[in-house]
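Please look over the sequence and the model below before reading on. The text then goes through a few places in the chain.

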Amino acid sequence: MQLDRQRLIHGKLPVINRVTNDHLAISTTPTKVIEYATLEPVAGSDVLQIKKTLKGNSILDESHANTIVIDPYKYASRNLKPGMIIDFAYYDHGNGMRDAKAGEIRWIHSEHEFDTTKAPRKLQQPKKVKKTRHEYSDKLDYDLNQKRVLVVTGARDRVQDLKAVVAKHHGVFYSLDASMEENVSSSKIKRAVKDADLIVVCIDRIHHRISQLTTHHAKRNDRPFAIATTTSNTAVERAIFRALNGNNAYESSGQDMAKYVSAD
C-alpha cells in the first residue's frame, strides 16, 4: 500500500493512495472451498472430522470414504466442537483428497445459528416441474401482520412464487437478487437488511460470501433471520416461521411439523 502521510484521518491514520501487488509473486494454483461442512466427532479420539456438507456439492460428498480429520488443538482459540458448521479451503493441485486434507478452516459459522445436537439435513436437488400460476396454499399457520420480509436468493425464476408465500401470510415481500455475486456489495446488503423486519437467506444458489455478509448485517442491525437450504416454497415458509419466532436459523435434520407451532 502507498500511504499519504500528509493526509490523515481523525488526525492519526494516513490515507491510502494506492494498493499495488506488482512486487508480489501471484499464485496461479486454484483454491477450492468446502462450504457448510459439519464437524463430527471421531470415536475414541479427541480429533474431529468433516464428511459431508449441507450443499452436497463438495469433494466430501462424492464418496462416503472421503473424510478430512481436523485437530482442534491446531485451532485452540476457536473452541471447535461437534456440530459446528465450517468452510474449509484448500489449494487444488489436481490430487483430489490429498490436496483437500492439506487445507485449512476458512470460516466458522456462528454457533447459535445451528442446532448442534443434530446433523443438518442434506440438500436434495429440487425436481423440475411445469409451473402454472403463482398460487400457493400455506402449510403453516402464522400471521406476519404486514412485516417486511427480505428474501436473499440467486433464483430469479422463483421470486414470484416466493412472493405468493409471503402474501399468503400477510407479509410484504422484498427480494435481493444475488444471482451474480460480483453485483452484490456489502453496502447493498446492509441497506436491504435495514429496510426489512426479518430476513430469509436461500443458500442453494448464492455465493457463501453473500450469505455470510447477510447474516453479519442482520446481527449488527438486530434483524431476525433464518436460512433456507433450498429455494422452495416450503423451505422459505418454514424459514420465515423460525425467524419470526426466534428459533434456530437452520432447520435441524428430521424436524417435524410439531416444531412449527406458534407459542401463542
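The model is a predicted one. Two packed helices are described by the angle between their axes and the distance between the axes. Here the axes of helix 2 (residues 159–168) and helix 5 (residues 233–245) come within 10 Å and cross at roughly 40°. Angles under 35 degrees would count as roughly parallel and those from 65 to 115 as roughly perpendicular; helix 2 and helix 5 are therefore oblique to each other. Their crossing is right-handed. On the side of helix 2, the contact is made by Asp-161, Leu-162, Val-165 and Val-166, while helix 5 contributes Asn-233, Val-236, Glu-237 and Ile-240. By class, the residues of this contact comprise five nonpolar, one polar and two charged.

The next stop is a strand residue. Thr-53 belongs to strand 4 (residues 48–53). Buried means under 20% relative accessible area, and Thr-53, with 4%, is therefore buried. Its side chain makes a polar contact with the side chain of Asp-61 at 2.7 Å, and the side chain of Thr-53 also reaches the backbone nitrogen of Gly-56 at 2.9 Å. Not counting residues up to four places away in sequence, Thr-53 touches Ile-34, Glu-35, Tyr-36, Ala-37, Ser-58 and Asp-61.

Pro-30 sits in the loop between strand 2 (13–18) and strand 3 (31–41). With a relative accessibility of 45%, Pro-30 counts as partly exposed. Which residues does Pro-30 contact, leaving aside its neighbours within four places in sequence? They are Tyr-90, Tyr-91 and Asp-92. Pro-30 and Asp-92 are 62 residues apart in sequence, yet their C-alpha atoms lie 5.6 Å apart in space.

Most residues other than glycine have a negative phi. Asn-79, which is not a glycine, has a positive phi of about 55°. Asn-79 lies in the loop between strand 5 (68–70) and strand 6 (85–91), and its relative accessible area of 54% makes it exposed. His-170 also has a positive phi, near 60°. The loop that holds His-170 runs between helix 2 and strand 9 (172–177). At 44% relative accessibility, His-170 counts as partly exposed.

Note on methods: Residues are numbered from 1 along each chain as its sequence is written. This is a predicted model: local features need pLDDT of at least 70, side-chain atom pairs count only at pLDDT 80 or more; totals for chains, interfaces and linings use all residues. Side-chain values use heavy atoms; hydrogens and water are left out. Axes are lines fitted to C-alpha atoms, for helices over the stretch in contact, and angles run from 0 to 180 degrees between N-to-C directions. Helices (H or I, at least four residues) and strands (E, at least two) are DSSP runs, numbered from the N terminus. Angles under 35 degrees count as roughly parallel, over 145 as roughly antiparallel, 65 to 115 as roughly perpendicular and the rest as oblique. A crossing is left-handed if the near helix is turned anticlockwise from the far one by less than a right angle, and right-handed if clockwise. Contact means heavy atoms within 4.5 Å. Ala, Val, Leu, Ile, Met, Phe, Trp, Tyr, Cys and Pro count as nonpolar, Asp, Glu, Lys and Arg as charged, and the others, Gly among them, as polar. Buried means under 20% relative accessible area, exposed over 50%, partly exposed in between (1.4 Å probe, protein chains only). A polar contact is a pair of N or O atoms within 3.5 Å; within protein, one must be able to donate a hydrogen and the other to accept it, and residues adjacent in sequence count only if both atoms are side-chain atoms.
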